[in-house]
Amino acid sequence: MERVVLFGPPGVGKGTQGGRLAAALGVPAISTGDLFRAHVRDKTELGNRLSALIASGDYVPDSVTNTMLAERLAEPDVARGFLLDGYPRTADQVAELDRLLALAGTSLDAVVLLAAPDEVLEERLLKRAADQGRSDDTPEVIRHRLALYHRETAPLVALYDAADLVLRVDGTGTPDEVHERLLAVIGLRERTPSS
Ligand code: ADP
């Protein structure tokens with residue numbers, strides 16, 4: 001497993017789990033959300049242009065996101081693979097990722113779908129809001145992001161199901177429990193009778 005998409009709703013733990021799973025796989029974790037936040041933090045031209053939109057919970061336009069992702073995938077550390085977190089989120093992004101990989105003569109190995117009920121997600125995001133104060137973690141924006149995920153992004157799983165790429169993982173429980181499930185599903189840890 002070298003080219004993996006970590007898919008799932010806001011608050012399901014893609015950031016935390018993506019970092020750990022990428023380390024286990026020996027590939028870089030690439031989070032488009034982190035890349036956008038770095039632009040906002042560093043006050044780049046792109047960051048200044050996008051900060052209000054990101055704070056509102058809306059998606060960044062595909063043209064902008066696709067360009068940023070293509071640049072990141074062209075960097076040398078990606079040659080041995082990658083774990084994508086938060087990309088793709090639209091049908092256009094799915095097509096762009098396919099196109100970029102085909103150009104490189106590669107393709108995805110797996111799409112790992114992390115899932116948890118909306119109540120769990122809202123609770124986690126509200127807690128993170130208290131801990132970290134992210135600009136898009138207010139109660140209204142959290143509800144908007146969840147609705148946007150269900151409307152725009154969740155249906156894309158069908159595209160990857162058609163290619164038989166999807167591995168489904170329960171995202172509830174402690175971070176360590178979820179990490180163990182991810183390792184098992186990726187095949188990095190033999191399943192033991194107790195797990
Ligand atoms: P979340 O916890 O909502 O999954 P992320 O850190 O992945 O948060 O993303 C934060 C914000 O960055 C999104 O709400 C959106 O504005 C922008 N963003 C990140 N990835 C994408 C993408 N693939 N397409 C469009 N916008 C994106």
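Let's start with Arg128, which forms a salt bridge with Asp137, the closest N and O atoms being 2.8 Å apart. By salt bridge I mean a side-chain nitrogen of Lys or Arg within 4 Å of a carboxyl oxygen of Asp or Glu. Before I go on, a word on the source: this is a predicted model, where local features need pLDDT of at least 70, side-chain atom pairs count only at pLDDT 80 or more, and totals for chains, interfaces and linings use all residues. Residues are numbered from 1 along each chain as its sequence is written, and side-chain values use heavy atoms, with hydrogens and water left out.

Back to our pair. Is Asp137 buried or exposed? Asp137 is buried, at 2% relative accessibility, while Arg128 is partly exposed at 23%. The cut-offs here are under 20% relative accessible area for buried, over 50% for exposed, and partly exposed in between, with a 1.4 Å probe and protein chains only. Arg128 and Asp137 also belong to a network of salt bridges that links them with Arg134, Asp136 and Arg145.

How many salt bridges does the rule give? The count comes to 16. Let me show you two others. Glu96 and Arg99 meet with 3.0 Å from N to O, and both lie in helix 5, residues 91-103, three residues apart, about one turn of the helix. Helices here are DSSP runs of H or I with at least four residues, strands are runs of E with at least two, and both are numbered from the N terminus. The general point is that an α-helix has 3.6 residues a turn, so residues three or four places apart point the same way.

While we're on charges, the chain has 22 positive and 30 negative ones, and their mean positions are 3 Å apart. For that, Lys and Arg count as positive and Asp and Glu as negative, without His or the chain ends, and each charge is placed at NZ of Lys, CZ of Arg, CG of Asp or CD of Glu.

Now let's zoom out to the fold. There are nine helices and five strands, and from the N terminus on they run β-α-β-α-α-α-β-α-β-α-α-α-β-α. The radius of gyration is 16 Å, close to the 16 Å that the globule rule gives for 195 residues, so the chain is as compact as a globular protein of that length. That radius is taken over C-alpha atoms, and the rule is 2.2 Å times the number of residues to the power 0.38. The C-alpha atoms fill a box of roughly 50 × 40 × 30 Å along the principal axes, and 44% of the 195 residues count as buried. Among contacts between residues at least 6 apart in sequence, 74% join residues at least 24 apart; a contact means heavy atoms within 4.5 Å.

Where does Val12 lie? Its place is the loop between strand 1 (3-7) and helix 1 (14-25), and Val12 is buried at 2% relative accessibility. Leu114 is 102 residues away along the chain, yet the two C-alpha atoms are separated by 6.6 Å. Leaving out residues up to four places away in sequence, Val12 touches Leu114, Ala115, Ala116, Leu121, Arg124 and Gly171.

Last stop, helix 2, residues 32-41, where Thr32, Gly33, Phe36 and Ala38 are buried. What do the buried residues of this helix pack against? They pack against strand 2 (29-31), helix 3 (45-56), helix 4 (62-73) and strand 3 (82-85). Thr32, at 3% relative accessibility, touches Thr65, Met68, Leu69, Asp85, Gly86 and Tyr87, again skipping residues up to four places away in sequence. Thr65 sits in helix 4 and is buried too, at 4%; with that same exclusion, the contacts of Thr65 include Thr32 and Phe36. And just after helix 2, Lys43 takes a positive phi of about 55°.
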